[in-house]
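Here are my notes on the two-chain model you sent over.

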Amino acid sequence: MNTFVLKLIAQRIALGLLLLLAVSVLIFVGTQLLPGDVAQSILGQSATPEAVANLRRELGLDQPAWLRYFDWLGGILQGDLGTALSNRQDIGSSLWGRVGNTLFLAFWTAIVAVPLAILLGLVAVRYQNRWPDRAISGTTLTAISLPEFFIGYLLIYLFAVKFNWFPSVSTVHSGMSLGERLHAIALPAATLTLVILAHMLRMTRAAILNVMQSPYIETAELKGLGTFRIIARHAFPNAIAPVVNVVMLNLAFLIVGVVVVEVIFVYPGMGQYLIDHVSKRDVPVVQAVGLIFAAVYIGLNMLADIIAIVTNPRLRHPK
Amino acid sequence: MHPSLKTLTQQATLGQLSRRDFLRRAAALGIAAPFAGSLLTSQAFASTATPQRGGILKAGMQGGESTDSLDPASWTSQVQHSFGQSWGEALTNVSPEGELVPRLAESVDSTADAKTWIFKLRRGVQFHNGQEMTAADVVATLERHSDEDSQSGALGIMRGIESIQATDTYEVTIVTLEPNADLPFLLSDYHLMIQPNGGKDNPAAGIGTGPYKVVEFQPGVRQIAERFEGYWNPDEYGFADQIEIIVINDPTARISALQSGQVHLINRVEPRVVDMVQRLPNIVINNTSGRAQYVFPMHCDTAPFDNNDLRLALKYAINREDMVERILRGYGSVGNDFPINKAYPLFPDDIPQREFDPERANYHYKKSGHNSPIVLRTSDVAFPGAVDAAQLFQQSCAQAGINMEVRREPGDGYWSEVWNKQPFCASYWSGRPTQDQMYSTAYISSADWNDTRFFRDDFDTLAREARGELDQARRAELYRDMAMLVRDEGGLILPMFNDYIEATLSNVGGWSANPMGEMMAGFALSKCWLAS
């Protein structure tokens, strides 16, 4: 690896961090603008005015906003996410468990979905415009067009209620073995796979087809290589950059956008955690989760950029 | 009803009498078998089968969030309520029939002025940490909830108390500021779980005296408790080896979890799907008419609602039967514009039902002289179907020539910005243990949540008198007068009382309806059992 590529990568990382800092300001300002009263929201309809007044005093909402921002940022840099307003629990300890669950589901979904999407994409190119291509495109497009809650309920109806193969409630907890966990998340992982498959698959197909027009593919064909070998060995490496971008976007979706699936399958991930705290106006939690979501998005996109740089021979070997 | 028959019915309902014994003894009282049989629902006898011990009883419930805590002072939702009733105990309970049942207190006595109350505690009751429960723990608990800084949900109850003292190792004496005949009922509040040293050391430790002890507490996900072997009353509570609440906030997911046997009980079956769920094999629907109510409060001190003719016009312009049919799908009963129904002790049952009467509504509307549109604010969070209910109200108003404008508010901030702030909106109440508690919470002039801005000295006087009255007949009369005042001159439009609709698998035994609240008033997990 040469210094040029290293410099490019360093630039990307620096830009990413700068962006994250800017996002942290936006998150902080945004949460300050939320309507409603924190104390009232925490205590709900059955709050007595005394209790509301006491809580408000205790939360110390009288300090100026900029001071609270630097307190908050300083805490985060030292790994302290603060304390939840609503139940006084340390955010870090309750949040990391949720993050772990979300990553677990995202990881196993990705393990299934990404290779499957790329493989199906390669097959679709190999049999372009013939029935396998049409069948693959048709089914995956149908799956992506259906709302995810519908796919979820459909899978629950078939595999949980009718055949009783998998549980409809995917609650995972610390006492479970890996096998039990995988069994528990089978249905949400399948739902998510169906949701993200089409996007990655079609991108793979389009990117490879684009490369397939190049003269060097024609040379490979004239050399007498088999079609699948040409696609896999010669065309795909040059189509990696756009495919990686789409894969990363979908991975980010798996982490930050699966609230609906979490609710349907009662999966204790970050989405539900965030929603509960938004409705209670638990600002420190909302800020912490927002920052984690932003970090995931920025991090994965940065990774996609770096992979694109590293896999691009023109950047690796500049003239 | 013959008093002995009432006792028999209660015994049978509690599972202390078999059906045959019940009918035999009822016959001895001179009661014909068909009538005696009709006194009991089939559910009552389902529970007379001998409870079986063992198994893991699981409930899938709505109403839990990741913000929940084990500190009883902070409880607001159904999951916390049900879990709390499994591991904690209050001094008293209130039976489904509205009678006082001793729990940690063995007996209750008061002086004639209903100001000094003496609670004799049960001896030999153990906390889950092995300590014995004594008067000191009870006093500390009540003190903690009385603290103005406690943010306790029971603070309103505790404010009427002047002093709490341990007069003996097993005796607590409570003096109230004003005579209060309801005090022992109020201390059944689910926030007032007796904790070692009142929970002052660690309010969220989850240590109580209940039939189950907390094993795992994951707020908003699941909560597990196992049977406490040292429990003092194992014949009545705590049949399953372990209980578990899984928080399932999505209604469809709850039903599919029940259908696939992952849970044995669920709460909040939506009225619109009840008929379908009822047809599923192995599932039993239990609906309980309780005290919960859907309401439209008007501020009596704000124009145009400061005119009683306008308030009456709106009260006559609402079609209650239609709302029960459409919003609750029949799972509920009509209200009569005062916040009390037959689930309360001393319910005045001779007050005429207010009917939908467009002509009369129009008469009062014209008399009020008001003619610009009346704004009704509503939101999905006010109660399930609140937006539809407001539109039905709008249509029935139109029939009476009243122009109503329905304004839909965002769910966010509805309870802080709209309810109890705007002069006319949709809301709900879950009811209170006694009539006095309901009226003192929302209808007397000094009430914290006087959401109808009902400021009436004559009403306050009646409430104070009723509160201190130990003669039940006189008390019932006073409550009737109070109900009439709220109904005819207050700002409450109460179209319907909603049922609790819950479902169990058919192998769950011991279910009995309890109008005090959802899931058998929170006792479902400690009173139900699994048939093998």
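1. Let's start with a helix in chain A. In H14(A), the buried residues are A:Met270, A:Gly271, A:Gln272, A:Tyr273, A:Leu274, A:Asp276 and A:His277. That makes seven of the 10 residues in this helix, which spans 270-279. The cover over those buried residues includes H5, H12 (240-256), H13 (259-265) and H15 (283-310) of chain A. After the helix comes A:Arg281, with a positive phi near 55 degrees. Keep in mind throughout that this is a predicted model.

2. Stepping back to chain A overall: it has 16 helices and zero strands. Its C-alpha atoms fill a box of roughly 85 × 60 × 35 Å along the principal axes. Of its 319 residues, 48% count as buried. Among contacts in chain A with a separation of 6 or more, 75% are between residues 24 or more positions apart.

3. In soluble globular proteins, nonpolar side chains tend to be buried together. Here the largest core has 78 residues, and A:Ile91, A:Leu95, A:Met200, A:Ile208 and A:Leu251 touch the most other members. Helix H5 of chain A (residues 91-126) gives the most to this core, with 13 residues. A second, separate core of 67 residues includes B:Tyr365, B:Cys397, B:Ala442 and B:Ala483. Back in chain A, the contacts of A:Ile91 beyond four places in sequence are A:Leu81, A:Gly82, A:Thr83, A:Ala84, A:Tyr273, A:Pro284, A:Val285 and A:Ala288. One of these, A:Tyr273, is also on the buried list for H14(A).

4. Have a look at A:Val169, in the loop between H7 (148-162) and H8 (178-184) of chain A. A:Val169 and A:Val266 are 97 residues apart in sequence, yet their C-alpha atoms are 5.6 Å apart.

5. On to the interface. The contact takes 40 residues from chain B and 42 from chain A. About 3300 Å² is buried between the chains, with carbon and sulfur atoms giving 51% of that area. On the chain B side, B:Ser66, B:Thr67 and B:Gln151 lose the most area to chain A, together 20% of what that side buries. How many salt bridges cross between chain B and chain A? The rule finds zero, while six residue pairs are in polar contact. The largest share of chain B's side, five residues, comes from H9(B).

6. Helix H5 of chain B (residues 78-87) is mostly covered, with 10 of its 10 residues buried. Its buried residues pack against strands E1 (56-61), E8 (212-218), E9 (222-227) and E10 (242-247), plus helices H19 (518-521) and H20 (524-527) of chain B.

7. A polar atom of the B:Lys315 side chain does lie 2.8 Å from the backbone oxygen of B:Arg487. B:Arg487 is itself buried, with a relative accessible area of 7%, and forms a salt bridge with B:Asp488 at 2.9 Å. Shared partners join B:Arg320, B:Asp337, B:Arg354, B:Arg487 and B:Asp488 into one salt-bridge network. B:Lys315 touches residues including B:Arg320, B:Asp337, B:Arg354 and B:Asp488.

8. B:Glu409 is buried at 18% relative accessible area, and B:Arg377 is buried at 14%. The other pair, B:Arg474 and B:Glu477, has its closest N and O atoms 3.1 Å apart. Both residues lie in helix H18 (472-489) of chain B, about one turn apart. B:Arg474 is partly exposed at 29%, as is B:Glu477 at 47%.

Key: Residues numbered from 1 in each chain as written. Chains lettered and ligands numbered in written order. Predicted model: local features only at pLDDT ≥ 70, side-chain atom pairs only at ≥ 80, totals over all residues. Heavy atoms only, no water. Polar contact = N/O pair within 3.5 Å; in protein donor to acceptor, adjacent residues only side chain to side chain. Contact = heavy atoms within 4.5 Å. Buried < 20%, exposed > 50% of the residue type's maximum accessible area, 1.4 Å probe, protein only. Helix = DSSP H or I, 4+ residues; strand = E, 2+ residues; numbered from the N terminus. Core = buried A, V, L, I, M, F, W, Y, C linked by side-chain atoms within 4.5 Å. Buried area = accessible area lost by both parts, 1.4 Å probe. Salt bridge = Lys/Arg side-chain N within 4 Å of Asp/Glu carboxyl O.
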